[in-house]
Amino acid sequence: MDSKDKKQLSETDVCDLFITPAIRSAGWDSMKQIRREVTLAPGPVIVRGNMSSRNKKKKKFADYVLSWEPGVPIAVVEAKDNNHTVSHGIQQALGYAEILEVPSAFSSNGDAFASHNKAPAAGEDIETEFPLEYFPPPQELWKRYKTFRGIEDKAEKLVIQPYHEDTSGKEPRYYQVEAINRTIEAVASGKRRVLLVMATGTGKTYTTFQIIWRLWKAGVVKRVLFLADRNILVDQTLVNDFKPFGSVMTKIKNRKIDPSYEIYLGLYQAITGPDEADKIFKNVSRDFFDMVVIDECHRGSAADDSAWREILDYFSNAVQVGLTATPKETKYVSSITYFGEPAYTYSLKRGIEDGFLAPYKVVRIDIDKDIQGWTPPPGMKDDLGQAIEQREYNQKDMDRILVLNQRTKLVANRVMQYLRATDPFSKTIIFCEDIDHAERMRVAIVNAAGQLYLDNPKYVMRITGDSVEGKAELDNFIDPESKYPVIATTSELLTTGVDAKTCKLIVLDKTITSMTSFKQIIGRGTRIDEENNKWFFTIMDFKKATALFRDPDFDGEPVVIYEPDSDDDPVPPDPDYPDNDFDPEEAKEEPGVYKVRVSGVPAKIISERIEYIGPDGNLITESYKDFSRKQIQTEYASLDAFLTRWNSARKKQAIIDELEDHGIVLDNLAAEIGKDYGDFDLICHIAYGQPPLTRKERANKVKKRNYFTKYGEQARAVLTALLDKYADEGIGTLESAKVLRLEPFKDMGTPVEIINNIFGGKDRFDSAIEELEQELFKQDESA
């Protein structure tokens with residue numbers, strides 16, 4: 001094929017005719033080792049108002065991923081059509097190689113290959129170009145990968161142990177593959193303690209299953225103990241991610257460890273306790289378990305830490321894996337101090353940027369008594385007739401020391417106001433100071449919900465450690481198929497581990513100073529559930545807890561702060577935890593605390609603001625209208641610049657799509673300005689202060705002109721119907737290829753008949769649409 005013909009080929013043609021044959025000729029197996037068009041990350045969700053969309057420009061999509069064995073990627077190849085240079089795609093390939101943590105990246109336009117080698121031998125160039133027929137064979141790139149990752153020959157058998165293949169076709173995501181492979185490589189190299197840090201909602205349990213499966217199938221481990229601190233975590237794991245283990249798996253019950261199984265799931269509380277008789281893990285030998293996995297290993301009080309530490313110390317010869325979303329980092333306690341640096345970290349921020357986790361918007365609400373404080377008048381008594389201490393009460397006292405019933409009602413009313421304005425059946429968790437506060441909030445929501453509660457008394461439930469009825473509804477709350485309960489009031493029980501995929505609103509009426517607790521609570525909303533249209537979530541903050549978003553530790557790299565001197569104990573001492581840190585005995589109220597309860601003191605909201613995640617990943621505080629104006633003016637500095645671009649675009653939808661990539665969803669602006677205005681008028685009005693016309697007004701102005709006289713009767717009927725479609729639905733429908741299949745066009749003929757018989761072919765039909773748009777958006781309305 002000559003170079004002229006080659007330049008006419010699409011990128012797909014170049015792949016099929018040149019790149020794929022070259023790779024296969026080098027010895028790569030097209031079934032097992034070559035994967036084409038691999039979506040690594042779908043792209044972040046952009047949230048504006050109550051709408052959301054994917055930023056398709058930030059989708060991570062590799063043309064080729066080459067693997068030594070399935071699940072062990074070792075190289076990426078980026079393809080371009082022949083109008084680009086050979087190395088044009090190398091930077092893109094390097095980006096994918098970086099997230100996959102592989103050393104080999106290639107680019108090709110069908111003429112040759114450009115190569116980037118992150119593990120060059122002495123004297124070897126990092127970047128080179130070579131003919132198509134010299135693409136490296138699998139053995140060469142596998143050897144390079146082993147060097148890059150520090151894999152020794154003796155570890156190779158374990159490193160390539162196959163994954164469990166799911167019959168449903170489910171495959172691990174790229175970061176799960178990396179977490180699994182890094183752990184397997186660590187164990188293969190002789191490491192006995194491994195820490196994985198993965199944000200809530202990223203599939204830690206599924207990742208763990210694949211790790212255990214591969215080690216178990218390879219014969220490296222025979223008996224495995226998986227420990228969690230919540231019954232629901234164990235039960236979810238048993239029936240979901242760990243299900244393939246089948247009959248070799250058991251849940252530890254009745255304080256007995258049955259030696260006839262191989263995979264054991266259990267609660268800390270089921271195998272240990274304060275008394276020696278409770279420590280049933282000692283009923284088996286120290287070598288009984290070959291592997292121990294601690295889920296949420298950051299958790300808890302000093303007692304919790306000592307519990308899992310005591311178990312790990314007993315099974316000290318086992319491979320020990322710690323899983324956490326938030327490694328505990330204080331002056332005294334650190335998961336990293338015990339496990340060492342994480343083998344792999346996948347953060348909340350990265351998960352949102354990739355589009356695997358839901359972004360959030362924050363509604364910060366200040367209440368007068370919280371911000372300005374409240375001092376009782378001299379001699380005032382509370383609802384029980386007790387004298388109220390004469391001092392100023394502020395936000396930290398609310399619902400801990402001082403109970404203002406009007407404040408609780410205000411919060412409940414604001415929550416229901418938001419739900420009624422969006423979706424009254426959005427799953428909602430309200431985090432309260434303690435169980436007493438959670439119950440009072442339940443009552444306040446009942447009264448604020450009114451008919452919604454009367455229709456079903458499970459509309460709101462208190463789900464706390466002491467409530468049998470509430471805990472019985474936990475499965476229904478997290479089940480996407482179950483409509484009720486809609487709202488859960490809680491204190492601590494729902495802070496961790498509960499897989500509430502459809503949770504769309506998190507309400508914080510709880511003082512939170514612990515970064516660990518904050519991350520866990522935010523994690524309740526981070527899961528995306530496409531089937532149930534859950535793409536983002538909202539945080540409603542009444543107690544300034546979201547100030548922690550601005551803390552550099554919110555999503556920073558974990559750091560060990562405890563640094564013992566040579567004479568110090570290398571094990572960090574047990575700390576005194578703040579009140580708000582996790583307490584597994586949630587049902588135990590703090591003894592001796594008397595709450596001042598006052599009914600007659602009014603409370604009101606004094607300020608409210610909404611924050612969004614901006615294009616740079618940081619929270620921005622401004623109205624959506626102001627945000628949109630700035631973004632549009634960044635793209636088009638003046639009205640003339642915008643009009644020039646709009647009028648020259650063959651498809652106006654392309655401009656709308658571009659704006660969406662910058663976070664501007666015009667449907668949201670329409671909801672704020674008026675739903676009858678079209679995209680063109682919304683843009684001109686918001687960004688440049690032009691008076692807007694409704695779509696119907698624009699359509700009617702076109703109909704009044706003599707524009708249609710040049711067309712025949714049938715063509716006029718089609719164009720008039722298209723104008724009506726624009727007036728009803730907007731520019732997207734007008735430009736849609738499917739519009740001619742809808743009413744009333746079906747009565748005029750098939751799409752092919754309309755285009756060919758009425759307009760004389762596709763080019764003439766397209767020209768008619770373009771001219772119709774020019775008439776619609778004429779600026780000189782006197783014409």
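Select Cys432 to begin: its relative accessible area is 0%, so this residue is buried (buried means under 20% relative accessible area, exposed over 50%, and partly exposed in between, with a 1.4 Å probe and protein chains only). Cys15 may be selected next; this residue has a relative accessibility of 3% and therefore also counts as buried. The number of disulfides in the structure is zero, a disulfide being a pair of cysteine sulfur atoms within 2.5 Å.

The model is predicted: local features need pLDDT of at least 70, side-chain atom pairs count only at pLDDT 80 or more, and totals for chains, interfaces and linings use all residues. Residues are numbered from 1 along each chain as its sequence is written, and side-chain values use heavy atoms, with hydrogens and water left out.

**The nonpolar cores**

Next, select Ile23, Phe113, Phe135, Tyr174, Leu225, Met291 and Phe315, the residues with the most contacts inside the largest nonpolar core, which has 108 residues. A nonpolar core is a set of buried Ala, Val, Leu, Ile, Met, Phe, Trp, Tyr and Cys residues joined through side-chain atoms within 4.5 Å. Helix H6 (residues 174-188) gives the most to this core, contributing nine residues; helices (H or I, at least four residues) and strands (E, at least two) are DSSP runs, numbered from the N terminus. A separate, second core of 49 residues can be located through Ala670, Tyr726, Ala727 and Leu740, which are among its members.

Centre the view on Ile23. Leaving aside residues up to four places away in sequence, Ile23 touches Trp28, Ile34, Tyr64, Leu66, Val77, Phe113 and Phe135, where contact means heavy atoms within 4.5 Å.

**Aromatic pairs**

The structure holds 40 aromatic pairs. Rings of Phe, Tyr and Trp (its six-membered ring) pair if their centres lie within 6.5 Å; planes under 30 degrees apart count as stacked, over 60 as edge-to-face, and the rest as tilted.

Select Phe106 and Phe130: the ring centres are 6.4 Å apart and the planes stand at 75°, so this pair is edge-to-face. Phe106 belongs to strand S6 (residues 104-108) and Phe130 to strand S8 (residues 127-131), so the pair ties together parts 24 residues apart in sequence. Both Phe106 and Phe130 are buried.

Move to Trp646 and Phe680, whose ring centres are 5.3 Å apart with planes at 50°, so the pair is tilted. Both of these residues, Trp646 and Phe680, are buried.

For a cluster linked by ring pairs, select Tyr261, Tyr264, Phe281, Phe288, Phe289, Tyr314 and Phe315.

**Charges over rings**

Lys6 lies over the face of Phe18, at 4.1 Å from the ring centre.

**Two loop residues**

Select Arg705, in the loop between helix H25 (695-704) and helix H26 (713-729). The side chain of Arg705 reaches the backbone oxygen of Glu775 at 2.9 Å. Such a polar contact is a pair of N or O atoms within 3.5 Å; within protein, one must be able to donate a hydrogen and the other to accept it, and residues adjacent in sequence count only if both atoms are side-chain atoms.

Finish at Ser491, in the loop between strand S20 (487-490) and strand S21 (503-508). Its side chain reaches the backbone oxygen of Glu433 at 3.5 Å.

Technical notes: Lys NZ or Arg CZ within 6 Å of the ring centre and 35° of its normal.
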